[in-house]
Amino acid sequence: MTASNKNSWAPDTIVVAAGRPPHETDQPVNPPIVLSSTFYSLGESGAGEKVYGRFTNPTWDPLEATIAQLEDSYLPALAYASGMAAVAAGLSLLPAGGTIVIPRHAYNGSLGLVAELEKTLGLTVRRVELEDTEATLAAFDGADMAWLESPTNPMLEVADLPELLKAARAMGVLTIVDNTFSTPLLQRPLKLGADVVVHSATKYMGGHSDVVLGAVVTRNPELHARLHAMRTLHGAIPGPFEAWLTLRGIRTMSLRLEKAEANAQDLAARLSGHPAISRVRYPGLPGDPGHARAAAQMDGFGSILCIEVEAGAAAADAMLAKLRLWTPATSLGGVESLAERRRRHAGEPESVPENLVRLSVGIENVEDLYRDLDEALGRS
Ligand SMILES: Cc1ncc(COP(=O)(O)O)c(C=O)c1O
């Protein structure tokens, strides 16, 4: 049992205080890791609540309670083995031969899985420019599901989530929002009317690039029951240690994000004037196409920004090879700053510029971060 379900707490309190054991003598301050694949359950099948480690594990409970509270749901989140397992769980809510609306730009794993299901399950896929609200609303007509990501990975386009979610609900379109980039600290899609939220907790929640884990959250009891049953049958469950590590990471998420976002805002402004860079994408820049929307619907602009290296993809690769502080690596949301040219992945949409480098800004000293980029750009 966990201590709290106090939905009146502010998000930066929830990250610290949710999912702790009750305030009772001799209770530990932190929930323990339970390393057991099975549980004592005598008698009829189903006797006891736990039974077997693929059905549940007590180490998941405080993590699932905390993520649910952050996303403002009274139903526990569901933890998965990875963000992609959470994405796959969300997509499993599509009816056979159904129609899905997806953004042209989004995490390439999600786009790749939808393309695979298009071939194997006969889905109809409508690909839209998500920042174009009118076109997206037109695509909703007669669709079963809308897959939304905002800001998008890696183009950082911002969708009008309040408008899209309201319209989808009125039109009977099931909505799933991948909230990995924003985290529930900056954006809470369920409050805006989304049916389901998915996360790669590998990123900001874990926060230290040492764990792979995913989560799904919904307030809808019927969807929750279906997802729970399918998780048990598919078996894409997290290990207890991964669940424990992720909750430990969440404890500092608001502090980490605050510092990383301040660094990102500073770097975006400085890099905008850099002679070796032709474009900076960051919703926190007043001139960014997504700025007004992001300011209206988010509690911050996040810590991912993208630069386009003026001299092209080869120069971008040369720059990456010269970095000494930033690590050239995929992924994002960790304490350490990472940089990656996204088109190096075969699965990345061709409309993502070849010279685009995604920067996941960490919590180091911002002067050191800028100097490292500046030196690598200057000598490339
Ligand atoms: C937006 C987004 N969603 C989902 C995923 C998949 O998460 P995981 O790598 O934990 O499977 C990623 C991974 O980069 C991501 O960036």
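Which residues of helix H12 (residues 313-322) are buried? The views below come from a predicted model, in which local features need pLDDT of at least 70, side-chain atom pairs count only at pLDDT 80 or more, and totals for chains, interfaces and linings use all residues. Residues are numbered from 1 along each chain as its sequence is written, and side-chain values use heavy atoms, without hydrogens and water.

View 1. Ala313, Ala315, Ala316, Met319 and Leu320 are buried (under 20% relative accessible area; exposed is over 50%, partly exposed in between; 1.4 Å probe, protein chains only). They lie on the same side of H12 because they cover an arc of only 160° around the axis, taken from the directions from the helix axis to the C-beta atoms. Ala314 and Ala321, on the other side of H12, are exposed. Helices (H or I, at least four residues) and strands (E, at least two) are DSSP runs, numbered from the N terminus.

**View 2. The aromatic pair Tyr52 and Phe55.** The two rings are edge-to-face, at 5.6 Å centre to centre and 80° between the planes. Rings of Phe, Tyr and Trp (its six-membered ring) pair if their centres lie within 6.5 Å; planes under 30 degrees apart are stacked, over 60 edge-to-face, the rest tilted. Tyr52 is partly exposed at 36% relative accessible area, and Phe55 is partly exposed at 30%.

**View 3. The aromatic pair Phe241 and Trp244.** These rings are stacked, 6.1 Å centre to centre with 10° between the planes. Both residues belong to helix H9 (residues 240-250), where being three residues apart separates them by about one helical turn.
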